[in-house]
Amino acid sequence: DQRARLGSCLKANILFSHLSDLDLAEIVDAFFAVTKRDGDVIIEQGGEGDNFYIIDSGLCDIYVAKGSGPSNKVFTAKAGGSFGELALMYNCPRAATVKASGSVTLWALDRQTFQATLKASQSSKQEKYSEFLASVPLLESLTREEVSKICDVLEVKMFSDGEHIIRQGDAGQEFYVIAEGQGTVRKS
């Protein structure tokens, strides 16, 4: 049950959403449980990033101090929420302080595993999507570098049978390429 909950949280997280079920299962195995009591500091603003956290149960209050002023509560994260990725991704100090609000159970992933996972998943994403995008007729004239840049910002979106992807007359905000399945185009 815990593995399933953690897997669902990872699938919903933009950093991990493009991973295959096999890759997700490997990452789930790398997480370890952490429990905190009310008021315990989980991460400290300005501190070094050690772990990425996903909340399994409970609430976490997030505080940010500007300059030398006092910390202000800016958000309360609940089960399924995550924090701590920025310091790990960019090797920078923590941008906020996070405290347990009541009893909290967290899943943690250490810095080294987090960074290795992101590098491997980015490389895998590049390979998978570069090949696919090169086969799209509209994108045939793009250079490898241009296709690579598109891969960096590409997001997978899933649609259910019968669900509208775009509607005639709506302002264009996104460009879609069908990777799997098929769609029907209707124009009035």
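**A walk among the rings**

Start by selecting K99 and Y63: K99 lies over the face of the Y63 ring, 5.2 Å from the ring centre. Keep in mind as you go that this is a predicted model.

Now bring up the aromatic side chains. Searching the whole structure turns up 6 aromatic pairs. Pick F31 and F52 next: the ring centres are 6.4 Å apart and the planes sit at 65 degrees, so this pair is edge-to-face. Where do F31 and F52 lie? F31 is in the loop between α2 (21–30) and β1 (32–36), while F52 belongs to strand β3 (residues 51–65), so the pair ties together parts 21 residues apart in sequence.

Next, jump to the segment after α5, where both F159 and Y176 are found, 17 residues apart. The F159 and Y176 rings have centres 5.9 Å apart and planes at 70 degrees, so they too make an edge-to-face pair. Buried or exposed? F159 counts as partly exposed at 33% relative accessibility, and Y176 is also partly exposed, at 31%.

Last stop: A179, again in the segment after α5 (144–153). A179 is exposed, with a relative accessible area of 58%. To finish, draw a C-alpha to C-alpha distance from A179 to L15: it reads 20 Å, for two residues 164 apart in sequence.

Key. Residues numbered from 1 in each chain as written. Predicted model: local features only at pLDDT ≥ 70, side-chain atom pairs only at ≥ 80, totals over all residues. Heavy atoms only, no water. Helix = DSSP H or I, 4+ residues; strand = E, 2+ residues; numbered from the N terminus. Buried < 20%, exposed > 50% of the residue type's maximum accessible area, 1.4 Å probe, protein only. Phe/Tyr/Trp six-rings, centres within 6.5 Å; stacked < 30°, edge-to-face > 60°. Lys NZ or Arg CZ within 6 Å of the ring centre and 35° of its normal.
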